[in-house]
Amino acid sequence: MSDFVSIKNQDYVLNRIKEELLKQKSFILLLGKSGSGKSVLLQRLTKYFENVKFNGIFTNKEEFEEFLKPYVIKKENIIIFLDEISIYNNDFLDLVRIYSDLNISFVLSSHKKPLIFSKEHFKSRINFEFCLKEFTLDELRSYISDKFDINLCKSDLKLIKKYYSANLRNVDKVIKSFKEFKIFFKNSKKENYLLKLSMFENNLLG
């Protein structure tokens, strides 16, 4: 099953993934551009499950197998989060598929879907697939308001949306600089000027 959602609906995504992870041997795919919020979701998920044993990236499949060995021997139900799986080759990903037949649940994140996942032996493994979309203007406003307690006007939001490259890290950097400039200039400059200055400082505006 696939679901195309905005990161604004994080709670919905969290709840759907939590539901799937309560089942044994879940295999979940989380897709989205860099900075769309995949890593944030994985970090939030670690708070809900004590049996999350890994959240990150393995350097090779030998390290992966060595890490899993004690859990496989004990037949322990565990959850593994693998970030940016597009860096792994097909041999590694096929190993993930094989381990998913054991008492191991996987949540895999990537900026694009690996081609091997379209193969029939992989398609049958995926319990749920999420694709995080780019923010709408209203969602961007809500994100900035919720995280930074700042309410920007529509023209300022349009400026950010035009240049942030669908990457929330860029938004975070710009708003942090923006707040620092406001303090430095003691609110003597217009917000639009400070915002452009912040974007210029973070190489988003030439």
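This is a predicted model: local features need pLDDT of at least 70, side-chain atom pairs count only at pLDDT 80 or more; totals for chains, interfaces and linings use all residues.
Colleague: What span is expected for α8, and what does the helix reach?

Modeller: Helix α8 runs over residues 168-184, 17 residues in total. The rule is 1.5 Å times one less than the number of residues. For α8 that gives an expected 24 Å, and the helix reaches 24 Å from its first C-alpha to its last. Just after α8, Lys 186 takes a positive phi of about 50°.

Colleague: Why are α6 and α7 called roughly perpendicular?

Modeller: Their axes cross at roughly 100°. The perpendicular class covers 65 to 115 degrees. The angle falls in that class, so α6 and α7 count as roughly perpendicular. The two axes come within 10 Å.

Colleague: Which residues meet where α6 packs on α7?

Modeller: From α6 come Leu 137, Leu 140, Arg 141 and Ile 144. From α7 come Lys 154, Leu 157, Lys 158, Ile 160 and Lys 161. The contact divides into five nonpolar residues, four charged and no polar.

Colleague: Why does Arg 97 count as buried?

Modeller: Its relative accessibility is 14%. Buried means under 20%. The value is under that cut-off, so Arg 97 counts as buried.

Colleague: Where does Arg 97 sit, and what is Arg 97 in contact with?

Modeller: Arg 97 is in helix α4. Leaving aside neighbours within four places in sequence, Arg 97 is in contact with Phe 27, His 121, Phe 122 and Arg 125.

Colleague: Which residues of the largest nonpolar core touch the most other members?

Modeller: That core has 25 residues, and Phe 64, Leu 82, Phe 106, Leu 108 and Phe 117 touch the most others. At least two core residues come from each of β2 (27-32), α3 (61-74), β4 (78-82), α4 (90-99) and β5 (104-110). Helix α4 gives the most, with five residues. Apart from this core lies another, of 24 residues, among them Tyr 143, Leu 152, Leu 157 and Phe 178.

Colleague: What is Phe 64 in contact with, beyond its neighbours within four places in sequence?

Modeller: Phe 64 is in contact with Phe 58, Phe 92, Leu 95, Val 96, Tyr 99 and Phe 106.

Definitions and conventions
Residues are numbered from 1 along each chain as its sequence is written. Side-chain values use heavy atoms; hydrogens and water are left out. A nonpolar core is a set of buried Ala, Val, Leu, Ile, Met, Phe, Trp, Tyr and Cys residues joined through side-chain atoms within 4.5 Å. Buried means under 20% relative accessible area, exposed over 50%, partly exposed in between (1.4 Å probe, protein chains only). Helices (H or I, at least four residues) and strands (E, at least two) are DSSP runs, numbered from the N terminus. Contact means heavy atoms within 4.5 Å. Axes are lines fitted to C-alpha atoms, for helices over the stretch in contact, and angles run from 0 to 180 degrees between N-to-C directions. Angles under 35 degrees count as roughly parallel, over 145 as roughly antiparallel, 65 to 115 as roughly perpendicular and the rest as oblique. Ala, Val, Leu, Ile, Met, Phe, Trp, Tyr, Cys and Pro count as nonpolar, Asp, Glu, Lys and Arg as charged, and the others, Gly among them, as polar.
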